[in-house]
Amino acid sequence: MQSPRVLYSYLRSHWHVYAFAILSITVANVVQAFYPRVLGQFTDTLQTGGINREAIVDASLKLLFIGIAFGLLAGLGQYIIMRLGRKFEFVARGKLFTRFTTLSEHYYSKHGVGKLLSYVMNDVTSVRESISMGVNQTTNAVILIVSVLVMMTLSSIPVYLILVCMIPLLFIPWVVVLFGPRVRGRSLKVQESLAKMTETAEEQFGGIRVTKKFAVEPIMRARFGRTVDTIVDNQLRLVRLSSMFQALLPFLGGLSLIIAIAYGGYLTIQGSITIGSFVSLTLYLRMIVNPLQQIGNVINTMQRSRASLERLNNMLAVQPDIQESPDAKALDAASPELRIRGLSFSYPGAGQEALRNINLTVPHGKTLGIIGKTGSGKTTLVKLLLRVYEPPHGTISIGGLDVRGATLESLRTFIAYVPQDGFLFSTSIRDNIAFSDRSSGMETVERSAKQAQIYDNITDFPDGFETKLGERGITLSGGQRQRTSLARGFLKGAPILILDDSVSAVDAVTETNIIDNLHSQRRGKTTIIIAHRISAIKHADEIVVLDKGTIVQRGTHEQLMKQDGLYASLYAIQEEGTRYAEGKG
Ligand SMILES: Nc1ncnc2c1ncn2[C@@H]1O[C@H](COP(=O)(O)OP(=O)(O)OP(=O)(O)O)[C@@H](O)[C@H]1O
């Protein structure tokens, strides 16, 4: 059974702390179980007329001791268990995050970020509650019940009277077996609807600007409202069942108290037992009602958290799509020739191939330009190169080593990839540029910024490179963002640099400067430039034109211009556009 793994492995490694806390709570409850006995004895002394100052002080001191000892020991036990719960929360969130970082892009494209957040927030919290509250209350309740039973048996109350009073309590296991699985099933539904709500909220916050621009707030509110309604429905179903379950246990406790009063009262009137024994019996049974209620609570919480635990364990068991082979080797930086042979690829679940029979060689230090209509497979090619998706064996090699046999770390260190919409973190511009190596000196950061033509923009900000971006900082324009992420790619100084439409949001002059910088600064290193604009790739050593997943043309700019093909027609269209724009200007 794999379900309780994450919790078990955690508790196993902390069993001694756990045992100490249980011991502390146990002693606290054993001490507390003496309380009816002291009162019973005091009642008998009162009845037999033996009451005096000494007896009152003695009983008061005993009760005081019971109170203080219980408070201290129970408090200590509770503190330790709460701490265990919080630590579990920390460990589980860490494990989840580590698992998230190993999952592939394919996984993220199938599962919304909000759903993953829900594991970190809702499910972990639910399990933590069962550790803190559940363990604490179970120990309290079980020990108190056992102590009370032992004390009752050792007292002068007849055993047959105790047994008769306990009859309703024998139904408790039946109630638990009846309700437990149902509570768990409904809890799972609640957790799933909570995950759906987090996912919807995350998506709606992400798209809030679009929502506002299109003035569709009512539609979005209604969509969010529907997910909240589902939660309310599921939660109400759960609450109905939990409440019934929780009420049944004290009800059974109440029944046993009624029997004690009726039958015990009768025996007292008959003189079979003393009034003191009768008082003790009712107090003992009264003491059992609370722990019974607690056990009801705990079983409820445990069932709910088992549903969350199942979700957590399933999440932690997800295997990454991209796995390193056991005999993976690091790529050799001395010979980064890139070879692609007979590469065809379709996305999982997609009907048609995104790439078909691609053959390419990019010799060490050369620049490859890739151009093609939108959806022609340019980014797919790069994703396969980076093993964001797994290319077929033997189709892509770097320096003679199949990328499937390379360590993922060496592959991703070897290649600097600058996407069109490079994500910037809410930290300083400096840290964003020095992302691959936070220890880079200021000089390196500035040089990269200059190469990416963003240096002047950054120094214009009052805080320069220390300017904070994002939530509590400034917002960069699309072109500034693109160039900052470009600077990040330059700083990595990797043997292969891939620019995936990374200069699309800059003006023509800036683009020319960036491309010139690329040529002068990356001499001897391999560069792949993907672009829609011919101006960005025309100086490449080789240009390939992709169309519907296949290479339809290849050669230098001059060679391609002489052919009557897609390249020349793209050039004509772009020239036409430029002339038109200039004419208007
Ligand atoms: N994760 C995915 N799952 C399924 N199909 C995908 C996925 N990503 C891309 N595709 C499909 O693969 C094809 C190639 O997409 P790709 O992103 O490589 O094109 P592109 O040439 O880079 O386009 P653009 O210039 O617009 O960025 C498209 O038909 C696209 O719909």
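A residue counts as near a molecule or strand here if its C-beta atom, placed from the backbone, lies within 6 Å of it. By that rule, the residues around the ligand are S109, Y347, A350, A354, G372, T374, G375, S376, G377, K378, T379 and T380. They divide into three nonpolar, eight polar and one charged, where Ala, Val, Leu, Ile, Met, Phe, Trp, Tyr, Cys and Pro count as nonpolar, Asp, Glu, Lys and Arg as charged, and the others, Gly among them, as polar. Helix α12 (residues 378-385) gives the largest share of this shell, three residues. Helices (H or I, at least four residues) and strands (E, at least two) are DSSP runs, numbered from the N terminus.

Before going further, keep in mind that this is a predicted model, in which local features need pLDDT of at least 70 and side-chain atom pairs count only at pLDDT 80 or more, while totals for chains, interfaces and linings use all residues. Residues are numbered from 1 along each chain as its sequence is written.

Now step back to the overall layout. The protein is divided into domain 1 (5-316) and domain 2 (338-420 + 496-584), with bounds from an automatic or database domain assignment. Their C-alpha centres lie 60 Å apart.

Let's turn to the helices. The unreviewed UniProt entry annotates residues 19-304 as "domain: ABC transmembrane type-1"; UniProt positions are given in the numbering used here, feature names are shortened, and annotations may be inferred rather than shown by experiment. That span, 19-304, is 91% helix and 0% strand. Helix α6 (residues 113-154) has 42 residues and reaches 59 Å from its first C-alpha to its last, close to the 62 Å expected at 1.5 Å times one less than its number of residues. At Y119, α6 bends by about 30°, the angle between axes fitted to the seven residues ending there and the seven starting there.

Finally, look for the open sheet of four strands, ordered β2-β1-β4-β5 with antiparallel pairing. β2 (355-362) and β5 (401-402) stand at the edges with a single partner strand each, so one side of each is left without a neighbour in the sheet. Two strands pair if DSSP finds at least two bridges between them; β1 (residues 338-345) and β4 (residues 396-398) have three. In β4, S397 is the bridge partner of R339.
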